[in-house]
Amino acid sequence: MQTAPAKTEEAGTWTMRLRRFAALVPALLFALVFLIFNYKIITRYLEHDEAAWADEISVILFIWIIFWANAFVVRDREQITFDLAYRPLPDRWKRVVALARLVIVGGIFAAALPGSLDYIAFLWRERTPVLNLRLDIIYSCFGLFLVAVVVRSAWLAWRLLGPRWRSYL
């Protein structure tokens, strides 16, 4: 009799762990950017040396921070929206607008997905100027972001079509 609540609690714990991990990644990357930035300042002004690799790594880390956070950390409700037009609508119209937005955004990202993933795969030939790192690995976070937006849009649209749709507005 108690297996159902235990499974629900276990699934909730698992979800919370994944969310914490997803939030920890950009936090650690920001800390790394901070350390690299300080290293660059120290080498430039105290040792009169230029650390060119620090700029390149910082840019790469910022790319990963932005796409990782938008793919896995920032929830749909936290995204920037046109609240002035959306907020005064009744719940049924909010549902229609939210579904339309999810279909449009998810559809555009789904249409862009094959070409974008193909281009990311093509980038294995290109490398960064200083550290000679492969660009396909660097920009793979953009592929993760695209897939996450498509999956999240489909999931939220499915939830808005369900019986408890008000809780997803």
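**Close-up views of a predicted model**

**View 1. Lysine 94 and the ring of tyrosine 86.** Lysine 94 lies over the face of tyrosine 86, 5.9 Å from the ring centre. A charge sits over a ring if NZ of Lys or CZ of Arg is within 6 Å of the ring centre and within 35 degrees of the ring normal. The model is predicted, so local features need pLDDT of at least 70 and side-chain atom pairs count only at pLDDT 80 or more, while totals for chains, interfaces and linings use all residues. Residues are numbered from 1 along each chain as its sequence is written, and side-chain values use heavy atoms, with hydrogens and water left out.

**View 2. The largest nonpolar core.** This core has 11 residues, including Ala22, Val25, Leu29, Ile57, Leu61 and Trp68. Helix 1 (3-45) and helix 2 (52-73) each supply at least two of its residues. Apart from it lies another core of 7 residues, among them Ala98, Leu99, Ala157 and Leu160. A nonpolar core is a set of buried Ala, Val, Leu, Ile, Met, Phe, Trp, Tyr and Cys residues joined through side-chain atoms within 4.5 Å; buried means under 20% relative accessible area, exposed over 50% and partly exposed in between (1.4 Å probe, protein chains only). Helices are DSSP runs (H or I, at least four residues), numbered from the N terminus.

**View 3. Phenylalanine 21 and tryptophan 68.** These two residues form an edge-to-face aromatic pair, 6.4 Å centre to centre with 80° between the planes. Rings of Phe, Tyr and Trp (its six-membered ring) pair if their centres lie within 6.5 Å; planes under 30 degrees apart count as stacked, over 60 as edge-to-face and the rest as tilted. Because phenylalanine 21 lies in helix 1 and tryptophan 68 in helix 2, the pair ties together parts that are 47 residues apart in sequence. Tryptophan 68 is buried at 15% relative accessible area, whereas phenylalanine 21 is partly exposed at 48%.

**View 4. Phenylalanine 67 and phenylalanine 142.** This aromatic pair is edge-to-face, 5.1 Å centre to centre with 70° between the planes. Phenylalanine 67 lies in helix 2 and phenylalanine 142 in helix 6 (residues 140-160), so the pair joins parts that are 75 residues apart in sequence. Ring pairs link Phe67, Phe109, Phe142 and Phe145 into a cluster.

**View 5. Histidine 48 in a loop.** Histidine 48 lies in the loop between helix 1 and helix 2. Its phi is near 55°, a positive value in a residue other than glycine. At 69% relative accessibility, histidine 48 is exposed.
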